[in-house]
Amino acid sequence: ISNMPLIRQSSYKGPPWYLCNAHLQTIVPSLFRTVSGVTYERERLELPDGDFLDLDWLDSGSGQLAVITHGLEGDTSRPYIRGMGKLLAGAHWDVLAWNCRSCSGEMNRNFRLYDHGEIQDIAAVIRHALRTRPYERIVLIGFSMGGNITLKYLGVNGKEVPGQVRCGVAISAPTDIKASSDYIERGFNAIYKRRFMSKLAKKIRQKDRHFPGMLDVAQLAHTRSWLAFDEAFSSKLGGYRDAADFYYQTSAKNFVHGISVPTLLLNAKNDPILAPECSVPGLAEKHPFLYLETPAFGGHVGFTLANDEFSWAERRSLQFISSL
């Protein structure tokens, strides 16, 4: 690894020719990629607040563990999680892919959901992993929202992270939630907003049935912007004062200065979901542990390679964690 955390020349040469724009680079792997031969062992982790997390393990009998965190409204069955898990298991890593609250196929018990800035749950997952087996090395890898959670966890906890946690990787991470929520309103990008919002709206209606009167679900009918949605719902579900507080507390860029282990941030310059503010070159230039790599192409959690079962981001992640 170079001494200069800002990686000026990315090793990603770009996707196959037919993925000729950012939207194809994002949507095609999300909808059509399949990863075979991944069979998780599921474990339910009961939490101190009466809720639970469903954890999916790939056990290689290894002394090193990768904890993988998925994106907004994702889960461990997503091809990018399965691909990363398969590649790591093949390189003799144990893998612990965890589902955020409400994302494992069963609604969580408490009123609160998950969000981009919630880091108590990943902390509980890491503590549980260390109780399960005496891992010598743990690495944290997160995609999209999971990348932001990974960065915030490492930044907030700084030198207090367990000694076994050696490094982090964040892929397509929206480190500035406010800028990205504005960015996703523009033009064709709004298709991603509508998809996320419709999935979240279903969960909000379910929460309203379990916790009547806590949310004003009537607002769902005329909530169009992320700002209105976050003001009415995200901030309430996460226990934030309002949307502005939610945006500040959930944006990893406000906390990454505290990161004290080598951490790689991979954000494509043509990502249709991430505002340019999410890639923080000024910060990486001055930060001794934050490595920023911004390929020209790749879309959002795409980074497809021609004739390769794995994505470039997955291979790059393995290369980074193996080099330390």
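Guide: Ala, Val, Leu, Ile, Met, Phe, Trp, Tyr, Cys and Pro count as nonpolar, Asp, Glu, Lys and Arg as charged, and the others, Gly among them, as polar. The model discussed here is predicted.

Visitor: How many residues in the lining of the second largest pocket are nonpolar?
Guide: The second largest pocket holds about 250 Å³ of space. Its lining has 15 residues, with Arg 8, Ser 10, Lys 269, Thr 294 and Pro 295 nearest the centre. By class, 4 are polar and 3 are charged, and the nonpolar residues number 8.

Visitor: What is the volume of the largest pocket?
Guide: This pocket is lined by 35 residues, and those nearest its centre are Thr 26, Ile 27, Pro 29, Ser 30 and Leu 31. The lining contains 10 polar and 7 charged residues beside 18 nonpolar ones. The volume of the largest pocket is about 690 Å³.

Visitor: Which helix gives the most to the lining of the largest pocket?
Guide: Three helices each supply at least two lining residues: H1 (22–32), H2 (79–90) and H6 (190–210). The top contribution is 6 residues, and the helix that makes it is H1.

Visitor: Which residues touch the most other members of the largest nonpolar core?
Guide: Nonpolar side chains tend to be buried together in soluble globular proteins. The largest nonpolar core here has 62 residues, and the two that touch the most other members are Leu 151 and Tyr 153.

Visitor: Which residues does Leu 151 touch, not counting residues up to four places away in sequence?
Guide: Contact means heavy atoms within 4.5 Å. With residues up to four places away left out, the contacts of Leu 151 are Ala 170, Ala 173, Thr 175, Ala 252, Val 256, Ile 259, Thr 263, Leu 265 and Leu 290.

Visitor: How many residues are in the other core, the one with Tyr 12?
Guide: This core lies apart from the core of 62 residues. Among its members are Tyr 12, Cys 167, Leu 266 and Val 301, and its residue count is 34.

Visitor: Why is strand S4 largely enclosed by the rest of the structure?
Guide: A residue is buried when its relative accessible area is under 20%. Strand S4 spans residues 64–69, and it is largely enclosed because the buried residues among its 6 number 5.

Visitor: Which residue in S5 stands opposite Thr 69?
Guide: S4 pairs with S6 (residues 137–143) in the parallel sense over 6 bridges, and Gln 64 stands opposite Arg 137 in S6. S4 also runs parallel to S5 (residues 94–99), joined by 5 bridges. In S5, the residue opposite Thr 69 is Trp 98.

Conventions. Residues numbered from 1 in each chain as written. Predicted model: local features only at pLDDT ≥ 70, side-chain atom pairs only at ≥ 80, totals over all residues. Heavy atoms only, no water. 1 Å grid on protein atoms, 1.4 Å probe; cavity = no way out; pocket = protein on both sides within 12 Å on 5 of 7 lines; lining within 4 Å. Points joined across faces, edges and corners; volume = space filled by probe spheres on them. Helix = DSSP H or I, 4+ residues; strand = E, 2+ residues; numbered from the N terminus. Core = buried A, V, L, I, M, F, W, Y, C linked by side-chain atoms within 4.5 Å. Buried < 20%, exposed > 50% of the residue type's maximum accessible area, 1.4 Å probe, protein only. Pairing = 2+ DSSP bridges.
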